[in-house]
Amino acid sequence: MPRLRIELTSWPRRSLVLTDTPRPDCPDCEGFGGTQHHYGDPETGEYAGTDWEPCHCWNENRRWLLLPLPRPSRWLRRHRPGRDPWGPDRNSDEPPF
Ligand SMILES: [Zn+2]
């Protein structure tokens, strides 16, 4: 029985999606959903980053689109900065008479 969760996502577009979730009592990840592997630089041996390995008890790529939401960008489009026809460099290619 999959454990599903409703999530608000903004990528690839704003929408409500149903996602799979890790098993809370999973013996491997203890509900965390995966394991982190810290790895070091092969030359210096210093910490170089962390790999994330999703656990087998869930599928982080399994998601269902529930409800696409409208983009809140109408305001932004209207106020997008463009060339101002009354700006200071108007007729800048003509001598000022
Ligand atoms: Zn697990």
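Strands β1 and β2 (residues 15–20) run antiparallel and are joined by 6 bridges. Strands here are DSSP runs of E with at least two residues, numbered from the N terminus. Two strands count as a pair if DSSP finds at least two bridges between them. The structure is a predicted model, in which local features need pLDDT of at least 70, side-chain atom pairs count only at pLDDT 80 or more, and totals for chains, interfaces and linings use all residues. Residues are numbered from 1 along each chain as its sequence is written, and side-chain values use heavy atoms, leaving out hydrogens and water.

The open sheet has 3 strands in the order β1-β2-β5, with antiparallel pairing. Its edge strands are β1 (4–9) and β5, each of which pairs on one side only. On average, neighbouring strands of this sheet are turned by 25° against each other, direction ignored. The angle is taken between axes, which are lines fitted to C-alpha atoms, and angles run from 0 to 180 degrees between N-to-C directions. In general, strands of a sheet pair through backbone hydrogen bonds, either parallel or antiparallel.

S15 is found in strand β2. The C-alpha atoms of S15 and R71 are separated by 9.2 Å, and these residues are 56 residues apart along the chain. L66 lies in strand β5 (residues 63–68). Together, I6, L66 and L67 make a nonpolar surface patch of about 280 Å². Such a patch joins nonpolar side chains (Val, Leu, Ile, Met, Phe, Trp, Tyr) within 5 Å, from residues with over 30% relative accessible area and no salt bridge.

A search of the whole structure finds 1 aromatic pair. The ring centres of F32 and W52 are 5.7 Å apart and their planes stand at 75°, so the pair is edge-to-face. Rings pair if their centres lie within 6.5 Å, and planes over 60 degrees apart count as edge-to-face. The pair links distant parts of the chain, 20 residues apart: F32 is in the loop between β2 and β3 (34–40), and W52 is in strand β4 (residues 47–54).

Buried means under 20% relative accessible area, exposed over 50%, and partly exposed in between (1.4 Å probe, protein chains only).

| Residue | Relative accessibility | Class |
|---|---|---|
| S15 | 3% | buried |
| W52 | 37% | partly exposed |
| L66 | 43% | partly exposed |
| F32 | 55% | exposed |

Note on methods:
Patch = residues over 30% accessible without salt bridge, like charges linked within 9 Å, V, L, I, M, F, W, Y side chains within 5 Å. Areas by Shrake-Rupley, 256 points an atom, 1.4 Å probe, with all protein chains shown as cover. Salt bridge = Lys/Arg side-chain N within 4 Å of Asp/Glu carboxyl O. Helix = DSSP H or I, 4+ residues; strand = E, 2+ residues; numbered from the N terminus. Phe/Tyr/Trp six-rings, centres within 6.5 Å; stacked < 30°, edge-to-face > 60°.
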